[in-house]
Amino acid sequence: MKKAVLLAVLFCLALGLFAATAWAKDWKIATVVKDSTNPWFIRMEEGVKEFAADTGINAFQKGPNKCDVALQVQVIEDLIAQGVDALCVVPISPPALEPVLKKAMDKGIVVVTHEASNQRNTYYDIEAFDNNAYGAFIMDNLAKAMNYEGKYVTMVAYLTSRTHNEWAEAGIARQKEKYPNMELIPEEKVESEDNQETAYERAKELMKKYPDLKGIMGTSSNDAPGAAKAIEEMGKKGKVFTAGSSIVPVAEKFLENGTLDTITFWDPAKAAYAMNVLAKMILEGREDEIKTGLNLGVEGYENMTLKGKVLVGSGWIAVTKENMAEYDWF
Amino acid sequence: MKKLTRSTEFYIFLVFIALTIFIEIQSGQFFTSNNIVDMLRAMIVPGIFSIGVLMVLVSGGIDISFTAIALLSMYSATKILMIWNYEGNVIMAFIISGAIGLLLGLINASLIAFYNLPTIIVTLGTSSMFIGFMQGILHSRVISDIPKPMLEFSRAELFRVYNKELGVSSGLPVVFLILVALIIIAWFILRYTMLGRGIYALGGDRTAAERAGFNIIAIQFFIYSFVGLISGIAGMTRAIMMANVHPTNLMGMELTVIAAVVLGGTSITGGRGTITGTLLGVALITVLSNSLILMGIPTTWQKVFTGALIIIGTGLSAYQTMKEKNKVHGGMKLGKKGSKETQKNTTGSSAI
């Protein structure tokens, strides 16, 4: 009996060793998203597929069919039961996922997260970019369109939208530091309610009040397109410029007719690819290489900054009329 | 004259005039041709919605599903046209969207009329059903490549005004005529038809209306399907005005529209309300929300300002109603003259 147990243990050990070395490519890496029906995460899956094709690793994406944290926990539970080697998770709510991610880590599963800088039960969290750097980047684009001079204003969805306000404030800070010939009007931040019609109406009002207004910086995806529509309809094309965070399907018409100069965003597929590369590195035992300056071999994730458990990249993309066709993936 | 100064509309009108003068003094930009055209344009969609809301409120109900109906109808109608590769007259877009809206309105109508369920609960439920259907089953997402007839119509303008001083211009879209047409239709129904009388009677006192021989089920069926129909049309109007279909675009607008209608003197408990008052209410809210920057109110204070004006406006009309009621009450004791007033009140105020 004792012999049998010992044999079994030895067998398991051998199998484990075997699996870890010779069959490295048999790793199963699951990417778990917030909502598998959301176009953003459908795009994300492209990155997972690309990673699987490039490495031959069994990498796949799973997610609940609606954005519901209880369902996301269930998806992760199922994957733990299936015996995956690594989980790349985009949590709906980081605190709600702590128990299930702890369970996964206790079982020896590698856990990597994305857009969850406050997650505790994770090896590393990847952020596409730092909000301050992104806001400054939007400002750089606007400043260029405005020829680095003139009055401008920023738009946010609501004064309570945290990221939008961080971007707007970082943009303003960048202007004060680098573009002395630009001037922020007293309105500073205008609310667009994340609604293109409202952004359009506010932009019209601003152009009436400030006939010499030259720039509008948008943060919600509807701001810059709404402002562009107002510029077009009021006949201010070439006199007023706008740039902001948006996505191609919303903005393409305005990029095409030249009322909208540049839109910026980040590519979820690249984030997924980066997460999978990171998970693979940890599985390979190359954790000592993970430090500031890390290159994950994905555009925008080539020179990452490590702060605690959070790895920050510079994974934004600027899209203009010229390259918009490449990014029409929603 | 006395009648005029006693009406709620008169006071809303005064508030409205005071607001416009204040904006003019603050900015010197209100009474410019391009600004007035901008205001008329901004009134189109809330104006169309407000007509439906007026009918519902007058009948003693409340409907909060109309923006959801508008979104689902505009989204599915656009999708149908895209699949169909439709290139004909844009009127078809309105017919399809209106028909889908009517169908959705019928769902509300059946639940409310046959099962006599509270209107707020029914419409709250159907509203999230409609949105859920659009997001979950239709996988709604932004459509910026709208069908050609819609895109072409979105550029159609009745006229365009130029402001040389500012170097800007503004055009009034043709869809403005839809608002005008719907106002005339609703005014006619409320003012000159038995159905209109029935709507007021139902809101004034349901039991009395029933005893008086009004077919309550038929009236409710009409109201909620009519709201569905015009919401469908409003959705398509918005899609055409924006030249894109944005599935979250109208969400949250329902409360603003209801506030505007109540501001215009419509009683939230039913029985009272006029088209004139409603349009004034919509004008007031639209002008206000589109002039906060012109007035120079800091972004952080804009909500406070809007809220305060709504309270002042509704307070004024509520005060008017209270005064009238007291008069009626006092009058009753005096006999004949009072009973005349009472009678007038139960049959409801006229539609204009």
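A pocket, in the sense used here, is an open set of points on a 1 Å grid over the protein atoms alone, with protein on both sides within 12 Å along at least five of seven lines, whereas a cavity is a set of points where a 1.4 Å probe fits but cannot get out; lining residues have an atom within 4 Å of a point. Grid points are joined across faces, edges and corners, and a volume is the space filled by probe spheres set on the points.

The model is predicted, so that local features need pLDDT of at least 70 and side-chain atom pairs count only at pLDDT 80 or more, while totals for chains, interfaces and linings use all residues. Residues are numbered from 1 along each chain as its sequence is written, chains are lettered from A in the order in which they are written, and side-chain values use heavy atoms, with hydrogens and water left out.

**Exercise 1. Describe the second largest pocket and its lining.**

Step 1. Begin with the volume, which for the second largest pocket is about 1,000 Å³.

Step 2. Turn to the lining, which has 37 residues, and note that Glu193(A), Thr198(A), Met253(B), Thr256(B) and Ser289(B) lie nearest the centre of the pocket. The elements that give two or more residues to this lining include α7 (196-209) of chain A and α12 (253-263) of chain B, where helices are DSSP runs (H or I, at least four residues) and strands likewise (E, at least two), numbered from the N terminus. The largest share, six residues, comes from α12(B).

Step 3. Sort the lining by class: Ala, Val, Leu, Ile, Met, Phe, Trp, Tyr, Cys and Pro count as nonpolar, Asp, Glu, Lys and Arg as charged, and the others, Gly among them, as polar. The lining then has 16 nonpolar, 12 polar and nine charged residues.

**Exercise 2. Work out how chain A and chain B touch.**

Step 1. Count the residues in contact (heavy atoms within 4.5 Å), which gives 31 residues from chain A and 34 residues from chain B.

Step 2. Take the buried area, the accessible area (1.4 Å probe) that two parts lose on being put together, summed over both. Between chain A and chain B it is about 2,900 Å², of which carbon and sulfur atoms give 48%. In chain A, Glu197(A), Glu205(A) and Lys208(A) lose the most area to chain B, together 22% of what that side buries.

Step 3. Look for salt bridges (a side-chain nitrogen of Lys or Arg within 4 Å of a carboxyl oxygen of Asp or Glu). There are five between chain A and chain B, and Glu197(A) forms a salt bridge with Arg41(B) at 3.5 Å, N to O. On the side of chain A that touches chain B, α7(A) gives the most, with 10 residues, and by class that side has 11 nonpolar, five polar and 15 charged residues.

**Exercise 3. Find the largest cavity and say what lines it.**

Step 1. A search of the whole structure finds one cavity of 30 Å³ or more, and about 90 Å³ of space lies in the largest cavity.

Step 2. Among the residues lining the largest cavity are Glu205(A), Lys208(A) and Arg41(B). The elements giving two or more residues are α7 of chain A together with α3 of chain B, and α7(A) supplies the largest share, five residues.

Step 3. By class, this lining has three nonpolar, one polar and six charged residues.
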